[in-house]
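Biologist: I am new to reading structures of this kind, and I would like to look closely at one position before I try to understand what surrounds it. Could you take me through that position slowly, and then through other parts of the chain?

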Amino acid sequence: MKKYVYNFKEGKASMKDLLGGKGANLAEMSNIGLPVPPGFTITTEACNEYYNKGEQLWSELIDEIMEKLTDLEATTGKTFGGGSNPLLVSVRSGAKFSMPGMMDTILNLGLNDEVVKTVKDITDNERFAMDSYRRFIQMFSDVVMEIPKSKFERVLDEIKEEKGAKYDTDLTASDLKEVVEKFKSIYKAEKGEGFPQNPKDQLLLAVTAVFRSWNNERAIIYRAMNNIPGNLGTAVNVQSMVFGNMGNDCGTGVAFTRNPATGEKKIFGEFLMNAQGEDVVAGIRTPQTIEKLSEINQEVYDQFISVANLLENHYRDMQDIEFTIEKGKLFMLQTRNGKRTTAAALRVAVELVEEGKITKEEAVLRVEPAQLDQLLHPNFDSAALKKALSIAKGLPASPGAASGKAYFTAADAVEASKNGEKVILVRLETSPEDIEGMAMAKGILTARGGMTSHAAVVARGMGKCCVAGCEGLKVSEELKQFVANGKVYKEGDYISLNGSTGYVYEGVIPTKEPEMSGHFATLMSWADEVRRLKVRTNADTPKDAEQAVKFGAEGIGLCRTEHMFFSEDRIAAVREMIISETVEQRKVALAKLLPMQREDFIGIFEAMEERPVTIRLLDPPLHEFLPQEDEDIKELAKTMDIEFGKLKARVESLHEVNPMLGHRGCRLAVTYPELAEMQARAIIEAAVEVKKNKGIDVHPEIMIPLVGELKELEYIEKVVRQTADKVIAESGIKLEYLYGTMIEVPRGAVTADEIAKTAEFFSFGTNDLTQMTYGFSRDDAGKFIEEYLKKGIFDQDPFQTLDQNGVGKLVKMAVDLGRKTRPDIKLGICGEHGGDPASVEFCHRVGLNYVSCSPFRVPIARLAAAQATIKEKMGEYSQK
Ligand code: PEP
Ligand code: MG
C-alpha cells in the first residue's frame, strides 16, 4: 500500500517533491536533532490523489492520518481532543516551491468548548486560552469554511470600541470570552450549525481545505507567474503547537543567518515576547532586534545562535528561520533559503566560497542573472518610494529610475536639458527623430508601444529608464499635457518613472546611484571562467561601446547605422539622399554622408580595439527620416530650397501601408546599391585608418539585414566586396573582414543552407523573426500581449523571452542548415532576447557562438551563459 503520511523523522531535505519545501526542511531539522515540535506531513501525492478521487479524502488516507496522530500523541504525551493535557496542532500548506500567501495557516486546531477550559486550567491563564480559541475560530471559518474574515473583524472592532481597547492585547479574558461567543454565532448564522466541536473533524476539514487551496485563483495565478507546474500538488504539515503567547517567558521571532540587505555575515532578526506568529508581522508592537534576546534569556539566545550557524552550515546557504520560545524553551518552526537583495546575493555567494562552504560553480548558480539589473541602474530610495503617489502603470521597458519635468516633444526636451533641467520625455510613441531628446532625457514615457517598440529598444540601449505602452495615459503632444486618473499634468510638472516596475509617480522621488562592489566583479570573473558563449553588445556610439566594454562585452554584435543618421548635422544630407530623383543626385548626397559615417566607425573601432565589430547596413523604412506634418514639410522645403508640393509628393510616395514589411532592410540596398557602397566604403576606410594610425587589428563584420533569399545577399555582396576590396588594395595594408547576414525573416531561416554559401556569419534578429513568425507587429503587440498573459495563452511575452517552441525551432533549423553548408560559420543573436537569461540558455544549447545585447545587460548575459554551461555539465537544464 502506498504511503501518504510521513512523520517528520521519516523525511529528509531531498524529499521536497513528495513532502513540499516546508515538510522536507522540518524533517531535515528534526533529524539533525534540532528542537522541532513533532508532527507529520501528508504528501503532495495525496493531494493529487484527492483530485483524482473527485475532491474526496478516502478511508485509507484517513486511517493513515489517524495513525500518525496517535504517534504524535505518544511522542508529546498529550491527547488530541481532550484529556488532562490536550494536544493542539497547526495545519499548514507547503508545496515543492514556496508559494507565499497562497493559503493562510490554521493555528490552535483541536480547541473546542471543553478543551479550552482544560487549556485555561493547566496554563492557569484564561486570557491565553480564550485568545487562542477566538483566533482559531476566525482562521478556521475563513480558511476552511470560507466565511468572510471581515465579519469577524467587524465584531472584534465593535467590542474593542465598546471596551475602549486600542489593541487586541488590551482585551481581557472576559472580553475575549464575549468575542468567542459572538464568533460562534457568526459561524452558526453562516453555516446553519454550530462550530465543529470534534477535533478530528476539524483536522480532516482543514486538510481538505489545504488540498483545495492548491487550485484557488491566487495560487493558479502565482504558479503561472512563476512557471510552477500545476500538477505538483501541495503537502500538508500537521505539527504540534508551541505557544509564544503564554506569558513573558514566551516569544516568537524570525531571523536571517546573514543580513538579507547587504549580505554581511551577521545574524539579523527580530522577535517579540509574549506573542504569536502573526503579531510580529501585524506590527502590533515594535519587535526587538535579535541581539536583545541575550539580555532576556542568554541561554536561549546562545542556543538560537548555535542552531542558526548549524542550519547555515548544513544547507550551505543563508537561512531564513522562524522560531518560538515556549516557557523558556526554544523551538524551530521553519527554515528555508532566505530571499535577499542582489548585493546580498553576490556577497553571500562569494563569501561562502571564501569560507570553503561551496564551490565557485555553485556560487555562480546562486545568483539570479536578471537580479543583476538592480545593480546596474539608479534606483529610487525605498523609503521615499513608499510615500510616492503612483498615477499610472505601463510596461517596465527599460530598468532604472528617474525623476524630472515632463516635456512632450524631443525639441522641447533638448532645450530644457540644455537649460539644466532634468527632463522626462513623454510621447504617444517615439520615433527615430526623437533620438536626441531621448538621449538628453533622464527617462522616457510613452502611451503606446510594447517591449520592443522603438522607445523600449533605444532606451535599453542607452541604459535609460523607460516606461512604454502606458495605455492609461491620455497624452496630447499638441496641448503639451497628459491626463492620468482624471488629473492633468502639464509641461514642466515633475513626474517620476520606475522602468523596472512600469510605475509612474507624481513629483520627485530621490534616486540612488548604482554601486559596483568587489563581490560583483569576483563573481563575474568566476562566471567568465566557465562560460562557453561569448557576449557582445548592441552599440551604435563610441560611448555605448566603452560602457559595454566596462561591463565585459567581447565585441559588438549589432551596430545599427541608422541611429547615426538622425543627429542634427547629418539629417539634412540623409533627407537629400532620400528625396533624390536620380542616382547622380543620390551619390552627391551620399558623398556628404561618407566622411561622417567614417568618423563614427573610427570612434567605434577605437573603443572596441581588436574585438570584432558587426556593422549592419541601413535597415529602417525611409519615411522615418522625413517629416510627416505639412508644417514641418514646409519648413524642410524651405531649407532644402525645393517646392513644397514636390517635397510633399515625395513624402507621400514613401508612405507605406505596412512599413515593417515594406521597403526596408536589404531591400533598400537592392534598390539603391550606391547606399550600400557608401556604407561599405565608410566601414573599410575607417578600419584601414585605425589599423594604420593606431596599429589596432580591427575586425569589421559587414551585416545585411532582412535577407530572405540568397540572391538578395549575392547581389549586395558584389557591391560590398568590390568596394571593400578596392579600398583595402589601395591602402596597401592587409585587412580582413567578414560578410554576413541577419536571419530575421522566416524564409531566411528555412533556406539557411543556401544563404550560408555566401554568408560568413549569421546573426539572429529575433525581434523581427518573432514578429514575422507570429505575425505580430512589434509596435502594436503591446496592446494585446498583456491580455494573452492574463488569460494564460502566453506564459511569457515572446518579444522578451524567446519562444523556443516556434521561433526557436527556426533558429535551430538555421543553425543546423548553416553549419551543414559552412561548418565554421559564426553564429550569434542580436535581437532583444540576447540579454534574456532563459533565451541565453537556449542559445547555449543550440550552439551559437555568441549573444549580443544592450550594454547594461552584458553582465546578465555573461552570468546566464555561465549558468547554462554549468547546468549542461550537471545535466540540468531548466524546464521550458
Ligand atoms: C531584430 O530584428 O532582432 C534586430 C536586432 O533588428 P532590429 O531590432 O533593428 O529590427
Ligand atoms: Mg530587425
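Is D641 buried or exposed, and what is its relative accessible area?

Modeller: D641 is exposed, because its relative accessible area is 69%; buried means under 20% relative accessible area, exposed over 50%, and partly exposed in between, with a 1.4 Å probe and protein chains only. Before going further, please keep in mind that this is a predicted model, in which local features need pLDDT of at least 70 and side-chain atom pairs count only at pLDDT 80 or more, while totals for chains, interfaces and linings use all residues. Residues are numbered from 1 along each chain as its sequence is written, chains are lettered from A and ligands numbered from 1 in the order in which they are written, and side-chain values use heavy atoms, with hydrogens and water left out.

D641 lies in the loop between α24 (630–640) and α25 (644–653), where helices (H or I, at least four residues) and strands (E, at least two) are DSSP runs numbered from the N terminus. Although D641 is not a glycine, its phi is positive, at about 60 degrees.

Now let us step back to the chain as a whole. Its secondary structure comes to 35 helices and 33 strands, and its C-alpha trace spans about 105 × 60 × 55 Å along its principal axes. Of its 880 residues, 56% count as buried. If we take contacts (heavy atoms within 4.5 Å) between residues at least 6 apart in sequence, 69% of them join residues at least 24 apart.

The magnesium ion (ligand 2) is coordinated by E744 through OE and by D768 through OD, at 2.0 to 2.2 Å; donors are N, O and S atoms within 2.8 Å of the metal (3.2 Å for Na, K and Ca), and water is not among the atoms, so sites may look incomplete. This pair links distant parts of the chain, since E744 is in the loop between β30 (738–743) and α29 (746–750) and D768 is in helix α31 (residues 766–774), 24 residues apart. E744 counts as buried because its relative accessibility is 2%, and D768 counts as buried at 3%. Helix α31 also holds Q771, which counts as buried at 5% relative accessibility. Leaving out residues up to four places away in sequence, Q771 touches M660, R664, F776, S777, R778 and F799.

A further buried residue is I602, with a relative accessible area of 7%, and I602 lies in helix α23 (residues 583–608). Apart from neighbours within four places in sequence, I602 is in contact with A686, E689 and V690. The C-alpha atoms of I602 and G695 are separated by 13 Å, although these residues are 93 apart along the chain.

Helix α23 has a helix partner as well: the axes of α21 (residues 542–550) and α23 come within 8 Å and cross at roughly 10 degrees, where axes are lines fitted to C-alpha atoms, for helices over the stretch in contact, and angles run from 0 to 180 degrees between N-to-C directions. The two helices are therefore roughly parallel to each other; angles under 35 degrees count as roughly parallel, over 145 as roughly antiparallel, 65 to 115 as roughly perpendicular and the rest as oblique. P542, A545, E546 and V549 of α21 make this contact with G603, I604, A607 and M608 of α23.

In another pair, the axes of α20 (residues 518–530) and α35 (residues 858–874) come within 8 Å and cross at roughly 50 degrees, which makes α20 oblique to α35. The residues in contact include F520, L523 and M524 of α20 and P859, R862 and L863 of α35.

Finally, consider helix α17 (residues 410–418), whose buried residues are A410, D412, A413, V414, A416 and S417. These buried residues pack against β16 (401–407), β17 (423–427) and α18 (435–440). Just after α17, G420 takes a positive phi of about 85 degrees.
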